[in-house]
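Please look over this note with the model open beside it.

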Amino acid sequence: TIAEPPAAADFTAGAAVRTRACWLIILFSSLSGVMWAGIAFHMMPLFASRGLTGADVATTLVVYGMCLALSQFFGGFVADRLPLPLLLTLAQGMIAVGCFCLLQMSSRSLALVFAVVVGTGEGLGFITVASLWPRYYGRRHLGKIRSFGMAGLVIGSSVSPYLFGIAYDAWNSFDRPLTILTILCVILTAFMPLTTAPKARYIAP
């Protein structure tokens, strides 16, 4: 059973970008890129600053990858049965919890909790977003519309390693950028329930 009916009309790219759900998905994609790229590029010094080793980094990445793959596989079934705003809220909330775990990390156990919740949250979020685009906006202009979210992901992934590096040089610690990231994730989680299907006000000619 599909939670939301297909869009009543095919949205143009210009019409889609004027809807609330589109911008929330762009923010979700952008923040996901900022979070993972910023952490991944600085994972060795970040873990070392918490007393962890390269072996802990390797284990964390393996667990993250497994959870990411499994959550995307099973998330497709869930996305057909539960409301998409609920799934996006859950996904973003898990990412926020993972960022908090990373901020508090002082042992391998918390590193693994980070890997599980972030891997699962990102996997669930990505498959939910993939289901959302055609269900909300139709298929006729799907490539153009999806490019908005992909652009946010790429831009976020591109700038975050640089920003994390600047922050570390300024404060000699990753605590402040991780704190800011956690706060942003919590704020976005509060807005995710608003990713409801837009009204089909604009019909492509």
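**Notes on the predicted model**

1. P134 is in contact (heavy atoms within 4.5 Å) with R139 and L142, leaving aside its neighbours within four places in sequence. P134 is found in helix α6; helices here are DSSP runs of H or I, at least four residues, numbered from the N terminus, and strands are runs of E, at least two. P134 is partly exposed, with a relative accessible area of 25%. The cut-offs are under 20% for buried, over 50% for exposed and partly exposed in between, with a 1.4 Å probe and protein chains only. The C-alpha atoms of P134 and I145 are separated by 9.3 Å, and these residues are 11 apart along the chain.

2. Basis. This is a predicted model: local features need pLDDT of at least 70, side-chain atom pairs count only at pLDDT 80 or more, and totals for chains, interfaces and linings use all residues. Residues are numbered from 1 along each chain as its sequence is written, and side-chain values use heavy atoms, with hydrogens and water left out.

3. Helix α6 has 30 residues, which should span 44 Å at 1.5 Å a residue; its end C-alpha atoms are 43 Å apart, which agrees. The expected span is 1.5 Å times one less than the number of residues. Just after α6, G138 takes a positive phi of about 80 degrees.

4. How do α7 and α8 pack? Their axes are 8 Å apart, at an angle of about 130 degrees. Axes are lines fitted to C-alpha atoms, for helices over the stretch in contact, and angles run from 0 to 180 degrees between N-to-C directions. The two helices are therefore oblique to each other. Angles under 35 degrees count as roughly parallel, over 145 as roughly antiparallel, 65 to 115 as roughly perpendicular and the rest as oblique. From α7 the contact uses F164, A167 and W171; from α8, R176, P177, L178 and L181.

5. H42 sits in the loop between α2 and α3. Is H42 buried or exposed? H42 is buried, with a relative accessible area of 16%. Not counting residues up to four places away in sequence, H42 touches P161, F164, G165 and F174.

6. The largest nonpolar core has 54 residues, and I39, F47, W133 and Y137 touch the most other members. Such a core is a set of buried Ala, Val, Leu, Ile, Met, Phe, Trp, Tyr and Cys residues joined through side-chain atoms within 4.5 Å. I39 touches L46, L102, F114, L178 and L181, not counting residues up to four places away in sequence.
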